[in-house]
Each structure stands twice: as structure tokens, then as C-alpha cells.
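Here's a quick walk through the packing and a few side-chain contacts of one model. Have the viewer open as you read.

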Amino acid sequence: MATSLGFRIARLPHLWRSLLDRRLAPLGLTQTRWVTLYHLWRMGDGQPQCDLARAIGVEAPSLVRTLGQLEAQGLIERRACESDRRTKRLYLTAKAMPLLEDIRRVADEARQEMLAGLNEDDIERLDRWLAVIENNGLALQARDQAGGAGD
């Protein structure tokens with residue numbers, strides 16, 4: 001049982017993204033694009049590109065191509081930061097808003113379907129358990145990084 005738990009935890013994000021990819025494909029969105037748009041929406045306008053990259057979990061140069069595509073589609077604008085011209089800040093356009101509502105709706109529907117059979121108490125309990133596992137993992141990661149710093 002315990003040996004399959006790690007595999008199950010690792011598999012869930014892949015299942016989730018695959019499900020959303022299929023359902024968002026008719027909107028002309030690749031995974032990279034919808035993930036980028038959704039994160040920017042949740043973080044709010046004016047985010048530096050590097051902060052968005054960190055939130056998504058990609059290197060900043062990898063994000064530049066996606067941002068260029070989103071900008072070409074008229075979904076985002078990149079503006080130079082007033083205090084540091086090298087830094088680009090990101091803004092959603094009015095054209096992006098209906099698309100983001102569609103992404104939210106599709107994600108909400110998929111979430112409800114994936115959590116079918118669980119009541120609110122189950123979901124809250126699962127969320128707490130996942131938070132404990134995540135916090136343990138973050139603590140282990142920090143400890144391992146600190147331990148490897150002097151090597």
C-alpha cells in the first residue's frame with residue numbers, strides 16, 4: 001500500500017493536466033499557455049516575468065517564448081518596469097478575460113468530476129493531509145539543500 005502511495009501522488013498532477021489539456025484544446029490553448037495565463041490571472045497584473053516563471057516552476061528564458069505567443073494572440077502585454085527598464089511586467093488584456101473565465105469553468109467542472117464520491121469533509125481532510133505531506137517535502141528539500149551547500 002505505502003509503496004503505491006508515492007506513485008499515486010506523482011500520477012495525479014499528470015492526470016489533471018491531461019484532462020484539462022483535452023478540454024481546453026478547443027479553445028486553442030496548449031498546456032504551457034493556459035498554465036501561464038491562469039497563473040498570471042491568479043497572481044494579478046504587473047507581475048515581473050521572473051516571478052511568474054518561479055510560480056509556474058520554469059526557468060525565465062523558457063517562459064519568454066510562451067509570453068511572446070500570448071502577446072501575439074493579444075492576450076497579454078509586456079511593459080518595461082518604471083524603476084528597472086530591464087524588468088518586464090506582465091498585464092492581461094481585455095481579450096484574455098473571457099478565455100480565463102472559460103479556463104476557470106473547465107477547471108471547476110474537472111475538479112468536481114475528479115472529486116466525485118468525496119463529501120466536503122473528505123475534501124477538507126484530504127487538503128489538510130496533502131498540506132502536511134507538502135510541508136514535510138519542503139522541509140526535507142530545504143534541509144537537503146542546506147546540507148549540500150558545503151559539499
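Trp 41 is partly exposed, with a relative accessible area of 24%; partly exposed covers the range between buried (under 20%) and exposed (over 50%), using a 1.4 Å probe and protein chains only. Keep in mind that this is a predicted model: local features need pLDDT of at least 70, side-chain atom pairs count only at pLDDT 80 or more, and totals for chains, interfaces and linings use all residues. Residues are numbered from 1 along each chain as its sequence is written, and side-chain values use heavy atoms, leaving out hydrogens and water.

How many aromatic pairs are there? The count comes to one, going by rings of Phe, Tyr and Trp (its six-membered ring) with centres within 6.5 Å; planes under 30 degrees apart count as stacked, over 60 as edge-to-face and the rest as tilted. The rings of Tyr 38 and Trp 41 have centres 6.0 Å apart and planes at 70°, so this pair is edge-to-face. Both residues belong to helix α2, three residues apart, or about one turn of the helix. Helices here are DSSP runs of H or I with at least four residues, strands are runs of E with at least two, and both are numbered from the N terminus.

Not counting residues up to four places away in sequence, Thr 36 touches Leu 52, Ile 56, Leu 63, Thr 66, Leu 67 and Leu 70, where contact means heavy atoms within 4.5 Å.

Leaving aside neighbours within four places in sequence, Trp 34 contacts Arg 17, Leu 20, Asp 21, Leu 24, Leu 29 and Ile 103.

## Gln 47

Over in strand β1 (residues 47-48) you'll find Gln 47, buried at 16% relative accessible area. A polar atom of the Gln 47 side chain lies 3.5 Å from the backbone oxygen of Gly 44. Beyond four places in sequence, Gln 47 touches Leu 40, Lys 88, Arg 89 and Leu 90.

Conventions: Polar contact = N/O pair within 3.5 Å; in protein donor to acceptor, adjacent residues only side chain to side chain.
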